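Subject: Handover of a structure and findings

Dear colleague,

Please find below the structure that I am handing over to you, together with its sequence. My findings follow it, and I would ask you to read them with the structure open.

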Amino acid sequence: MRTLAVLFVLTFAATLSAAEGDWNQYRGPTGDGHSAAKGLPLTFSETENVVWKTPIAGKAWSSPVIWDQQIWLTNATEDGKQLSAVCVDLDSGQVVHDVIVFDVAEPQYCHPLNSYATPTPFVEAGRVYVHFGAHGTACLDTQTGKTLWSRDDLPCDHFRGPASSPIVYGELLIAQFDGFDQQYVVALNKRDGSTVWKTARAFDYHSSNGDLKKAYCTPSIIEHAGRTQLIAPAAVATESLDPATGKLLWTVYHDGMNASARPLFGHGLVFITNGMGRMVAVRPDGTGDVTDSHIAWDSGKSIPKKSSQLLIGDLLFMVSDTGVVSCVEAKTGEVHWSERLAGEYAASPLYADGRIYLFNQDGEVPVIAPERELKLLATNQLTDGFMASPAVAGKALILRTTANLFRVEQKD
């Protein structure tokens with residue numbers, strides 16, 4: 001119990017530190033795509049409100065993370081043989097570090113829509129944790145760029161490439177491996193990379209086809225009724241684990257495969273998408289198999305297969321892969337509106353300064369109001385498309401397209 005208490009205090013302190021302005025992980029300091037920033041630009045283009053634009057070679061869909069004056073992102077050659085970490089100065093856009101972390105002689109197959117550097121890093125004071133699935137996980141010193149520890153012995157046939165991002169909980173670095181051949185969640189000691197716990201998926205996939213067992217989710221930590229939980233979605237089902245020990249708490253079956261959205265928590269419900277166009281809202285106070293007892297509502301209406309959702313007050317906002325944007329009542333699943341915008345979407349949306357920013361694969365950025373009826377505030381356009389999700393630093397949007405990294409900020 002004392003260990004659990006210490007871990008919780010450390011996690012809470014780290015969250016407060018990051019929430020002061022650092023975008024430390026996938027979907028920001030609170031892991032839900034929200035930013036407290038004010039004064040972000042409503043409109044921008046290649047020639048409007050761009051402070052700097054830095055080309056990033058290679059093929060990589062990881063999102064940028066930010067600590068102090070450093071922006072970190074991972075990168076990869078298109079063939080996956082060199083996996084690297086890149087640090088860009090926030091003020092100037094100059095590359096500070098470009099470090100090859102892993103040389104891979106025989107990379108696994110990666111689907112053309114994916115990349116070898118899709119998982120987003122996690123950064124904190126002095127350290128950045130980079131993850132490339134089975135190809136390797138490492139911790140780098142943020143000042144020198146030197147590798148402090150690395151692991152390349154966590155097996156998994158991703159079959160289509162890795163995508164799950166790691167998170168930090170207290171002294172643990174937690175990552176999901178849901179592949180063709182093996183499916184498990186692992187927690188490493190973030191100081192030296194040693195394995196603290198490793199928990200295999202405990203549910204029945206009802207299939208021997210490994211392709212139906214793949215998932216790409218980033219887990220979330222929630223606190224409900226005095227119980228800290230790691231919500232770890234997979235194909236077919238989602239598990240809740242004790243993040244300190246890896247012990248299974250509950251399981252909910254929802255079918256699906258290739259799930260990638262990060263789960264959200266609010267109104268006493270965990271919101272999970274299954275990668276095949278279905279969402280379930282689950283009460284997290286159960287034990288064991290809660291499928292028949294704890295699903296508050298479910299929906300198959302225009303649910304995204306790739307991007308994560310936004311929970312804003314009583315409303316859920318989401319954009320499907322084909323560009324259908326929806327507003328849903330979070331407590332009931334009632335659809336208030338569902339409208340198609342142009343383009344296809346993989347990046348997750350951002351809520352900041354009272355606006356929702358959406359990012360499509362053609363480089364278009366519609367901005368809408370978080371209301372019970374569709375209100376389009378602006379439509380912006382950059383040359384290259386978005387696979388990575390956005391980050392925020394002060395009054396600036398930090399945007400990674402398929403070819404460049406931008407600092408976008410309202411000019412006086």
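The second largest cavity is lined by Ile56, Ala57, Gly58, Lys59, Ala60, Asn75, Arg400, Thr401, Thr402, Ala403 and Asn404. Please note that the model is a predicted one. The space in this second largest cavity comes to about 40 Å³. Sorted by class, its lining consists of four nonpolar, five polar and two charged residues.

How many cavities of 30 Å³ or more does the structure hold? There are two. The largest cavity has a volume of about 60 Å³. Its lining is made up of His131, Gly133, His158, Pro162, Ala163, Ser164, Gln176, Phe177, Asp178, Ala215 and Tyr216. Strand S12 (residues 172–178) supplies the largest share of that lining, namely three residues. By class, the lining of the largest cavity divides into five nonpolar residues, five polar residues and one charged residue.

I turn next to a pocket. The second largest pocket holds about 660 Å³ of space. Its lining has 25 residues, and those nearest the centre of the pocket are Asn114, Ala163, Tyr216, Ser260 and Lys306. Of the lining residues of this pocket, eight are nonpolar, 12 are polar and five are charged.

A pair of aromatic rings is described by two quantities, the distance of the centres and the angle of the planes. Rings count as a pair if their centres lie within 6.5 Å, and by this rule there are eight aromatic pairs. In one of them, Phe203 and Tyr205, the ring centres are 4.6 Å apart and the planes meet at 50°, so this pair is tilted. The reasoning rests on a cut-off: planes under 30 degrees apart count as stacked, over 60 as edge-to-face and the rest as tilted. Are Phe203 and Tyr205 buried or exposed? Both Phe203 and Tyr205 are buried. Ring pairs also join Phe203, Tyr205 and Tyr253 into a cluster.

Another aromatic pair is formed by Phe317 and Trp337; this pair is tilted, with 6.4 Å from centre to centre and 55° between the planes. The pair links distant parts of the chain, since Phe317 belongs to strand S25 (residues 315–319) and Trp337 to strand S27 (residues 335–340), 20 residues apart. Phe317 has a relative accessible area of 2% and is therefore buried. Trp337, at 7%, is buried as well.

Lys198 lies over the face of Tyr184, at 4.2 Å from the ring centre.

Thr120 is in the loop between strand S6 (95–103) and strand S7 (122–124). Its relative accessible area is 2%, so Thr120 is buried. Leaving aside residues up to four places away in sequence, Thr120 touches Gln25, Tyr26, Ser62, Ser63, Val65, Ser165 and Pro166.

Gly354 is found in the loop between strand S28 (350–352) and strand S29 (355–357). With a relative accessibility of 36%, Gly354 counts as partly exposed.

Yours sincerely,
A colleague

Notes. Residues numbered from 1 in each chain as written. Predicted model: local features only at pLDDT ≥ 70, side-chain atom pairs only at ≥ 80, totals over all residues. Heavy atoms only, no water. Phe/Tyr/Trp six-rings, centres within 6.5 Å; stacked < 30°, edge-to-face > 60°. Buried < 20%, exposed > 50% of the residue type's maximum accessible area, 1.4 Å probe, protein only. Helix = DSSP H or I, 4+ residues; strand = E, 2+ residues; numbered from the N terminus. Lys NZ or Arg CZ within 6 Å of the ring centre and 35° of its normal. 1 Å grid on protein atoms, 1.4 Å probe; cavity = no way out; pocket = protein on both sides within 12 Å on 5 of 7 lines; lining within 4 Å. Points joined across faces, edges and corners; volume = space filled by probe spheres on them. Nonpolar A, V, L, I, M, F, W, Y, C, P; charged D, E, K, R; others polar. Contact = heavy atoms within 4.5 Å.
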